Amino acid sequence: MQLYPRRISLLLSLTVRQAGRFTIEVTENRLVQHEANVLEVLSRFRLLGFKLSMDDFGTGATSFEQLRLYPFSELKIDGSFIQNAREDESSKTTVETSARLAAMLGISVVAEGIETDDQLKPATDVGAESIRGFLISRPLSASQLTEWVKRFNTASADAA
C-alpha cells in the first residue's frame, strides 16, 4: 500500500480542505491481501481525521477480530447481498448480521447496489444510514448533475 498519510494531509492543508470531508475506501479483499502494513497506514489516516470505509463487505474473509482492530468509520455491504436479500435467506442473513456487527462496533452502514424499491427495503430494515446505487440516478457528468439537481429542486418545490 503506497499511500502516504502525512503527504496527503499536507496536500489537503495547502488547498484548505479538511480531511474529515474525505473517505478512503479499502475493499475487503485488498485488506486481507495487504494485512501487514494496512493497519498502520489506516490508523494514521484516521488520526489525521480521514474517514475510512470498508468496501464490498461480505465478499472476502475478514474476521470479526480484523474488523474490530481496523479503524473503519463505515461498512459498505456488497450489493450482491442487498440485491438478493428478499429471495435468498443466506443473503438476508449476511445483510442483517453485517449491519448488527457494524452497529455493535459504532460503524455506519452503507447499502450498495440499490437499483429498485424492492432492494431498498432490506437496506432500510437493517438501518443502513445511506445507500448507493442506480435507484436514485445512474452516474452523471458534472453538467448532467447540475441539470439533475435543478430538476430535483423544482420537483421538490412543486410537491411542497
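Colleague: In the predicted model, about how many helical turns separate Trp148 and Phe152?

Modeller: Both residues belong to helix α8, which covers residues 142-159. Trp148 and Phe152 are four residues apart in that helix, so their separation is about one helical turn.

Colleague: How are the rings of Trp148 and Phe152 arranged: stacked, tilted or edge-to-face?

Modeller: The ring centres of Trp148 and Phe152 are 5.5 Å apart, and the planes meet at 10°. Planes under 30 degrees apart count as stacked. The pair is therefore stacked.

Colleague: How many aromatic pairs does the structure hold, and what is the arrangement of Tyr70 and Phe72?

Modeller: The structure has three aromatic pairs. In the pair formed by Tyr70 and Phe72, the ring centres are 6.1 Å apart and the planes are at 35°. Stacked needs planes under 30 degrees apart and edge-to-face needs over 60, so the Tyr70 and Phe72 pair is tilted.

Colleague: Are Tyr70 and Phe72 buried or exposed?

Modeller: The cut-off for this class is under 20% relative accessible area. Tyr70 and Phe72 are both buried.

Colleague: Which residues touch the most other members of the largest nonpolar core?

Modeller: That core has 30 residues. Elements giving two or more residues to the core include β1 (23-27), α3 (35-47), β2 (51-57) and α6 (89-104). The residues that touch the most other members are Leu31, Leu42, Met54, Leu67, Phe72 and Leu75.

Colleague: Where is Ser73, and which residues is it in contact with beyond its neighbours within four places in sequence?

Modeller: Ser73 sits in the loop between α4 (64-69) and β3 (74-77). With a relative accessibility of 17%, Ser73 counts as buried. Leaving aside neighbours within four places in sequence, its contacts are Arg46, Lys51, Leu52, Ile107 and Ser108.

Colleague: Lys51 is among those contacts. Is Lys51 buried, partly exposed or exposed?

Modeller: Lys51 lies in strand β2. Setting aside neighbours within four places in sequence, Lys51 is in contact with residues including Ala19, Phe22, Ile24 and Ser73. Its relative accessible area is 37%, so Lys51 is partly exposed.

Colleague: What distance separates the C-alpha atoms of Lys51 and Arg21?

Modeller: Lys51 and Arg21 are 30 residues apart along the chain. Their C-alpha atoms are separated by 7.7 Å.

Colleague: What is the phi of Asp56?

Modeller: Most residues other than glycine have a negative phi. Asp56 is in strand β2 and, at 24% relative accessibility, is partly exposed. Although Asp56 is not a glycine, its phi is positive, at about 60°.

Colleague: How far is Arg30 from Asp55, C-alpha to C-alpha?

Modeller: Arg30 is in helix α2 (residues 28-33) and is partly exposed, at 48% relative accessibility. Arg30 and Asp55 are 25 residues apart in sequence. Their C-alpha distance is 9.7 Å.

Colleague: And how far apart in space are Val38 and Glu87?

Modeller: Val38 is in helix α3 and is buried, with a relative accessible area of 1%. Val38 and Glu87 are 49 residues apart in sequence. From C-alpha to C-alpha they are 36 Å apart.

Colleague: In what pattern do the helices and strands follow one another along the sequence?

Modeller: The protein has eight helices and five strands. Read along the sequence, the pattern is α-β-α-α-β-α-β-α-α-β-α-β-α.

Colleague: What percentage of the protein's residues count as buried?

Modeller: The C-alpha atoms fill a box of roughly 50 × 45 × 25 Å along the principal axes. The protein exposes about 9900 Å², with carbon and sulfur atoms supplying 53% of that area. Of its 160 residues, the buried share is 32%.

Colleague: How far apart are the centres of the positive and negative side chains?

Modeller: The protein has 18 positive and 21 negative side chains. The centres of these two sets lie apart by 10 Å.

Definitions and conventions: Residues numbered from 1 in each chain as written. Predicted model: local features only at pLDDT ≥ 70, side-chain atom pairs only at ≥ 80, totals over all residues. Heavy atoms only, no water. Buried < 20%, exposed > 50% of the residue type's maximum accessible area, 1.4 Å probe, protein only. Areas by Shrake-Rupley, 256 points an atom, 1.4 Å probe, with all protein chains shown as cover. Lys, Arg positive; Asp, Glu negative; His and termini not counted. Charge placed at Lys NZ, Arg CZ, Asp CG, Glu CD. Phe/Tyr/Trp six-rings, centres within 6.5 Å; stacked < 30°, edge-to-face > 60°. Contact = heavy atoms within 4.5 Å. Core = buried A, V, L, I, M, F, W, Y, C linked by side-chain atoms within 4.5 Å.
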